[in-house]
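Hi,

Here is the structure I promised to pass on. Have a look at it first, and my notes follow below.

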Amino acid sequence: MPAVLIVGGGLAGLTAALCLEHHGVDYVLVERGAEPTVLPRSRGMHTRAVEIFRQLGVEDAVQAASATALKMGRFGGARTGRSIADSEALDLSHVLATGAMVGADASPSAFCFCPQVLLEPVLRDLAEQRGGDIRFGTELTAFTQDADQVTATLTDRSSGRTSTLRADYLLAADGGGSPIRTALGITSTTRPATHHYLNLYFRADLSDLVRDRTFSQCEITGPEVSGLFLAKNNTDEWSFHLAYDPERESPRDYPDERCRTLLRTAIGANDPALDVDLLARGVWDTATAVADSYRRGRVFLAGDAAHRHAPWGGFGANTGIADVHNLAWKLAAVLRSQAPDALLDTYEPERRPCGLRVAEQAWLRTDFRARYAIRTPHNAEAVDRQRGTGEIMTRYRYESTAIHGTPAGDAVDLLAGQTGTRAPHVWLERGGRRVSTLDLFGSGFTLLTGGDGVAGAAWADAAKALPVTVHHIVGGAAEPGRAEEALRDPEGSWPAQVELSPRGALLVRPDGFVAARSDAGLTPDTLHDIWRSVTGHGNSVG
């Protein structure tokens, strides 16, 4: 019997598979589609998502896939006009200079342009290579749960044969429509749609037209057609989000030939015979919905099943990846009997506020210029209420019983080892190699301390009886010509970065978030009780 049944083979589900494998948890993943969708959706992996891939050991493979994406130009840039041919570039210097569009927080990783249609097959292959039980073309058609397990009915969509599978837990990553969420009767906090679109994925060689004017997004505001072009490779593969009014028409009013005609108009092609190969199409709108509960018994919601909103900013897929990264280590700790079931109750209070935040920010970015923080008389309020990408994707702050103490606020301006935040990145050296502090976090808790000698020994002794790995960060460079395995901080920047004394310490969770710090109650004497408290055993420490 697998420990976890994952339902959904998109980015959230496949990342969940890799996270569970990282923690040594058996799983089965089922996906009703026989193959990943060809319809482009998320295109950019924010820094935090790439950091997660780094921890899972798949960052290089993801970056390699990214390198094949763009055939011309670079990712970025925005244009607007009646068509691509007569479009003008928006001035984005105010956001590009600060890195606000992709996040400029210190990290060993970097933003990665990798469309979902390229990334999903890579993650699936990696999960299968690592021994994962991945079953595409298999649909969850019914499930029940009791105090001990989830019982699922699975249907092979090619043969119609059904089978029964039992698992300890079910992770629902089954998309915005989530039949699992519906079956559980979980309601959502919603905002109504303001815009409706047909997502038209097509192939047309526009190399000559967009040369020297490549873009990420191009807004079309012509009298005959309006919508938004999204570049997939900046040469011959594109998405056009065609706006339509559901009060007057429906997607059925847009047969393929009409769509091709409208695409030629939006492109601005002088040649009516321009070859436009319509590859796939979908329907979506700008409504938002965030589940009112992320857990119901032994079932957990993640990704679009938990939070659905417009794709602006790439927040959906990236937030889903962070969802499952948060949940996986908690499932592993409970399944290994290192933590009680109460630890799983911290998933919702930590991740649902993130879902609400990204849904709000996607809503505020419905206006094209607001998306790029360009103020107009119509979008001033939306621009004022926007948060920076770094704050949304990396500098958020958890508050739950899995964090020692009560943090103030839901985000920070600078990652400095505050409780509830992602531990800060600092480059260290070990054995002549450069190592990020983020590379030190494995499948258990980690104690980072600048103390060596007597202080370091005290921390090490305190951690002996716990599943906690201790890393002593020694200030100063290694002696020339002397090989050593000490973890060196050549610039001596670690204490200042985390605002602790050289003998101070951070207790960091497996997901890289700070659970406790030495200037807020963490000492060698309290380490045991604090670890028990943040893993749900119920002990409290003053």
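This is a predicted model: local features need pLDDT of at least 70, side-chain atom pairs count only at pLDDT 80 or more; totals for chains, interfaces and linings use all residues.

Which residue in strand 9 stands opposite glutamate 139? It is threonine 155. Residues are numbered from 1 along each chain as its sequence is written, and side-chain values use heavy atoms, with hydrogens and water left out.

Strands 8 and 9 (the latter 150–156) are antiparallel partners over seven bridges; pairing takes at least two DSSP bridges. Helices (H or I, at least four residues) and strands (E, at least two) are DSSP runs numbered from the N terminus. The open three-stranded sheet runs 8-9-10, with antiparallel pairing. Its edges are strand 8 (138–145) and strand 10 (162–167), each pairing on one side only.

Now the helices. Helix 9 (315–335) packs on helix 10 (347–364) at about 175°, axes 10 Å apart. Axes are lines fitted to C-alpha atoms, for helices over the stretch in contact, with angles from 0 to 180 degrees between N-to-C directions. That makes the two helices roughly antiparallel (over 145 degrees).

Finally, helix 2 (47–55) has eight of its nine residues buried, so it is largely enclosed by the rest of the structure. Buried means under 20% relative accessible area (1.4 Å probe, protein chains only). Just after helix 2, glycine 57 has a positive phi of about 80°.

Cheers

Definitions and conventions:
Angles under 35 degrees count as roughly parallel, over 145 as roughly antiparallel, 65 to 115 as roughly perpendicular and the rest as oblique. Buried means under 20% relative accessible area, exposed over 50%, partly exposed in between (1.4 Å probe, protein chains only).
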